[in-house]
Amino acid sequence: MKSLLNGFGRTLTIVFFVAVLVWGMVLIILPQLTMLERAATAPKRQLDSSIALSLRRDARTCVSVLDAYAVNPAENGASNTGLSIPSVSGMALPSPSGMAVPSSSTMTGPKAKASADAVNRPYILQCDRASTHKQLVREDSVEKLWLDEAYEVETLSVDAADPIAVQKQTAENIALIADDLYLQMKQAEAAAFPYTTGNFGKLFAARLIPLSPAQKDIEDAKLSKQLYGLIGLRFERDGQIYERIGLVTLTRTISFALMATTLALLLCYPVAYKVALASTPERAVWLFMGLVIPYAIVELMRVYAWTTIVDNQGLLNGVLTGLGMIADPIQFKRMPATVFVVIVYTYVLFMVFPIFNVMSTLDKNQIEAAKDLGASTVRTHRRIIIPHSKPGIAVGCIATFMLAAGAFSVPRIISRGLQSEWFSQTIYNKFFESENSNVGAAYSFTYTLVCFVIVGLFMWLMRTRLKDFARVQ
């Protein structure tokens, strides 16, 4: 602190600390707090009030559709295209080119028979869903609970066999009940504690894995499944196999990221040593140009370029086939090692540069002195070069690990869904595919904590401190 005040003065020092504080708040603390808040909030669609609101909308839409049908029942009943499905917001999807509800003339089953026997009206999705006997969302361990039973309301549902007027009246009654319930539930939910740990529990939830006896024997023989069983991620109950799929994906991704980081270190350490200590300045420039020039291309383009190498008809299979070494293409897209190689290629500079920057500050006279005293090459690296380069190795490993753990484009593009997904893909699917952002936020926040713990453990094992990173220019 004194050195900052002496070097920059009080004004610049204050500006520096304010800038650091704003940077930390805007880019680190606030996003994580926002993610934590979303992770600790129950999804709106699972709230009882949302279920009541959905019921009210279905009932009112049912009434609207029945009104439209009642205007000209003969024409509507004779139509083979049926009535279009009105959405929740009241917008109807066009029929017949859109998603049309089959009419009674094209439907099969008891609903079609009841409709045909009564008034010959088409099947209406919202009328079928308009029932107060609707299941509420509860934890898996809790028995099923129904709306009418939980809130002691009349059990009503729209019966297609009833006359149109009766169906409309029933739907209107259901809408009134749902409206009253919605207001009560909103007040109760506003007064209740808003946060829950249920979203985090999804990560640890065990899911049933349907397997035939033959397939079960094959899965049990796999080493990965045996390891999952040893650490409690896979178990058998009542003859059925259960897996904690969220934790399995998390564990697999962390393992893959650690292996990719190890591979990058093994490849990049010799390169950094060659450039920093074992080459003339002129040769070092050319070596670094060979590393940097490919990174002038956008990362996504470089990843896509790898698909032309590892495809079944790609460069690698073409060369092996031309040399007569293989008859059928090798399925590189199905190999996790392919993803490791592409990740290392994509993030290699994040490993090379920190190690090179620290290694280049080593006095070469120490290496010469060690050789003069009879030290072997291995001992010179173990006793002199590696201890001096530890801050650069730590920074390179941390940067590569965090990038590999959060990699999304590489595993998605290279594997094309032919390999097990990485945890970053799972988080993406929770946010954008299943529209379950609360669970996705819980996954994301937990993943961040796990990565921070691994980074802290690595720094402890490497005996490095934050101030040691200042040596990495």
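**Pockets, a cavity and a kinked helix**

The lining of the largest pocket takes at least two residues from each of four helices: helix 2 (48-71), helix 7 (164-191), helix 8 (198-204) and helix 20 (437-462). Before I go on, note that this is a predicted model.

How much space lies in the largest pocket? About 880 Å³. Its lining has 35 residues, and those nearest the centre of the pocket are A42, P43, Q46, L47 and D48. By class, the lining of the largest pocket holds 14 nonpolar, eleven polar and ten charged residues.

Rolling a probe the size of a water molecule over the atoms shows where empty space is left.

Now the second largest pocket, with a volume of about 280 Å³. Which helices each supply at least two residues of its lining? They are helix 10 (223-230) and helix 11 (245-277). You can pick out the lining residues on the screen: E219, K222, S224, K225, L227, Y228, T251, R252, S255 and F256. Four of these lining residues are charged, three are polar and three are nonpolar.

Helix 11 deserves a minute of its own. From first C-alpha to last, the 33 residues of helix 11 reach 47 Å, close to the 48 Å expected at 1.5 Å a residue. Where is the kink in helix 11? The kink is at C268, shortly before the proline P270, and amounts to about 30°.

Next, the closed spaces. Over the whole structure, the search finds one cavity of 30 Å³ or more. The volume of the largest cavity is about 30 Å³. Around the largest cavity sit Y273, K371, T377, T380, H381 and I385. Helix 17 (residues 377-405) gives the largest share of that lining, with four residues. In the lining of the largest cavity, two residues are nonpolar, three are polar and one is charged.

Last, the chain as a whole. The chain has 20 helices and three strands. Of its 473 residues, 37% are buried. What share of the contacts with a separation of 6 or more joins residues 24 or more positions apart? The share is 67%.

How values were computed:
Residues numbered from 1 in each chain as written. Predicted model: local features only at pLDDT ≥ 70, side-chain atom pairs only at ≥ 80, totals over all residues. Heavy atoms only, no water. 1 Å grid on protein atoms, 1.4 Å probe; cavity = no way out; pocket = protein on both sides within 12 Å on 5 of 7 lines; lining within 4 Å. Points joined across faces, edges and corners; volume = space filled by probe spheres on them. Nonpolar A, V, L, I, M, F, W, Y, C, P; charged D, E, K, R; others polar. Expected span 1.5 Å × (residues − 1). Bend = angle between axes of the 7 residues up to and from the residue. Buried < 20%, exposed > 50% of the residue type's maximum accessible area, 1.4 Å probe, protein only. Contact = heavy atoms within 4.5 Å.
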